[in-house]
Amino acid sequence: AVLVIFLVLLAVVMLLPIIYAVATSLKPNNELWLFPPRFFVRNPTFKNYGGLFELMSTSWVPFTRYLFNSVVVTLAGLILSILISTMAAFALSKMKFRLKGPMMEINNLALMFVATAVVIPRYLTISAIGILDTWFAHILPLIAMPVCLFLIKQFMDQVPDSLLEAAQLEGAGSFTIYLKIILPMVKPAIATGAILSFQQVWNNTETSNLFTSTESIRTLAFYMNTLSGVGTVQGQGMAAAAALIMFVPNLLLFIVSQSSVMNTMAHSGLK
C-alpha cells in the first residue's frame with residue numbers, strides 16, 4: 001500500500017507540467033500574467049486556440065505545407081535512424097572486428113554532448129557537402145542517435161550467440177541473421193528507439209532555423225514556434241496552445257508503445 005501511494009504521488013508530480021500547459025493554454029488574458037501566478041485556470045476559454053488558428057490562416061505558406069514537411073521529414077528520419085542504429089548495434093554486439101570497443105566508447109561519449117555544443121560543426125559539415133536549404137538538411141543531422149544505438153545494442157547483447165551460430169550452420173549469412181533473427185527478437189528496443197527518434201525529429205526547430213532559408217521547406221515545429229508572439233500577453237497563451245498541439249503526437253505514441261519502453265529499460269542495463 002505504501003508503494004502504491006508513493007507511485008501515485010510520483011505520477012501526479014510527473015503530470016503537473018502537462019496540467020500546467022493545458023491550464024495556461026486555456027487562460028484568458030487577465031489570468032496569464034497574474035502576480036502571484038495562478039497554477040489552475042478559473043475562467044477557461046478557447047480564445048488562445050482561436051487566435052492561433054487565425055494566425056495560421058493568414059500565413060502566406062499554407063499550414064498544410066508545414067504539416068506535410070514535418071510528416072515527410074519525421075518518417076524519413078525515423079526510418080533511417082532505426083535502420084542505422086539496428087545495423088550498427090548488430091555489428092557492435094555480435095560481430096568481431098578491430099576497434100569495436102573504442103567505437104562503442106565513442107558512441108557512449110557522444111551521449112555527453114547536448115545538441116547546442118555541436119551546432120557549428122553540424123553547420124560546417126552540412127555546408128561542406130552542399131545540402132544547405134534542402135530537404136536533406138532536415139534529415140541528415142538527425143539520423144545519428146547515440147542513445148538509440150546504446151539501447152538496442154544492450155538489448156541485442158541478451159540474444160544468445162549459440163542461436164546465431166546455429167543459423168550460420170544452416171547457411172544463413174550475416175544479413176539474413178540480422179533481418180530474420182535479430183530484428184524480431186529486439187522489437188521492444190526498436191519501438192523505444194522509434195519513440196526517441198520521433199520526438200527528436202518531430203520537435204526539432206534547429207534545422208529549419210539554421211540550415212534552411214526557404215519557408216516552404218520548413219517544418220511544423222518551427223512554424224508553430226514563430227506563432228507564439230513572444231513579448232505579448234496574448235502570445236503566451238498561444239505559445240502554450242501551440243506547445244500542447246505539438247506535444248499530443250508524442251504522448252499518443254508513448255501511450256501506445258509504453259510496454260515496449262518498459263521492457264527495453266529492463267533489459268538495457270538502465271536503472
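I take helices (H or I, at least four residues) and strands (E, at least two) as DSSP runs, numbered from the N terminus. I am working on a predicted model, where local features need pLDDT of at least 70, side-chain atom pairs count only at pLDDT 80 or more, and totals for chains, interfaces and linings use all residues. Residues are numbered from 1 along each chain as its sequence is written, and side-chain values use heavy atoms, with hydrogens and water left out.

**Overall fold**

I looked up the elements first. The protein chain has 14 helices and zero strands. I then checked the extent of the C-alpha trace, which spans about 70 × 60 × 30 Å along its principal axes. For burial I use under 20% relative accessible area as buried, over 50% as exposed, and partly exposed in between (1.4 Å probe, protein chains only). Of the 271 residues in the protein chain, 37% are buried.

**Positive phi**

I went through the loops next. Most residues other than glycine have a negative phi. Leu-99 has a positive phi, near 65 degrees. Leu-99 sits in the loop between H4 and H5. Its relative accessibility is 59%, so Leu-99 counts as exposed. Asp-133 also has a positive phi, of about 60 degrees, and is not a glycine. I find Asp-133 in the loop between H6 and helix H7 (135–139). Asp-133 counts as partly exposed because its relative accessible area is 26%.

**Largest pocket**

I define a pocket on a 1 Å grid over the protein atoms alone, as an open set of points where a 1.4 Å probe fits, with protein on both sides within 12 Å along at least five of seven lines; lining residues have an atom within 4 Å of a point. A volume is the space filled by probe spheres set on the points, which are joined across faces, edges and corners. The largest pocket has a volume of about 860 Å³. It is lined by 31 residues, and Ala-110, Arg-122, Ala-144, Met-145 and Pro-146 are the closest to its centre. Helices H4 (63–94), H5 (100–110), H6 (119–128) and H8 (146–156) each supply at least two lining residues.

I sorted the lining by class (Ala, Val, Leu, Ile, Met, Phe, Trp, Tyr, Cys and Pro nonpolar; Asp, Glu, Lys and Arg charged; the others, Gly among them, polar). The count for the largest pocket is 23 nonpolar, six polar and two charged residues.

**Second largest pocket**

The volume here is about 210 Å³. The lining of this second largest pocket has four nonpolar, three polar and five charged residues. Its lining residues include Lys-94, Lys-96, Lys-100, Asp-161 and Glu-165. H4, helix H9 (161–169) and helix H10 (174–185) each supply at least two residues. H9 gives the largest share, four residues.

At 46% relative accessibility, Glu-165 counts as partly exposed. Ile-177 also lines this pocket. Glu-165 and Ile-177 are 12 residues apart in sequence and 9.7 Å apart in space, C-alpha to C-alpha.

**Surface patch**

Last, I checked the surface. A nonpolar patch of about 860 Å² is made by Val-4, Val-8, Val-12, Val-13, Leu-15, Leu-16, Ile-19, Tyr-20, Phe-39 and Phe-40. Patch residues have over 30% relative accessible area and no salt bridge, and nonpolar side chains (Val, Leu, Ile, Met, Phe, Trp, Tyr) are joined within 5 Å, like charges within 9 Å. A salt bridge is a side-chain nitrogen of Lys or Arg within 4 Å of a carboxyl oxygen of Asp or Glu. Areas come from the Shrake-Rupley method with a 1.4 Å probe, and for residues only the protein chains shown count as cover. Leu-15 is in helix H1 (residues 2–25). Leu-15 counts as partly exposed, at 44% relative accessibility.
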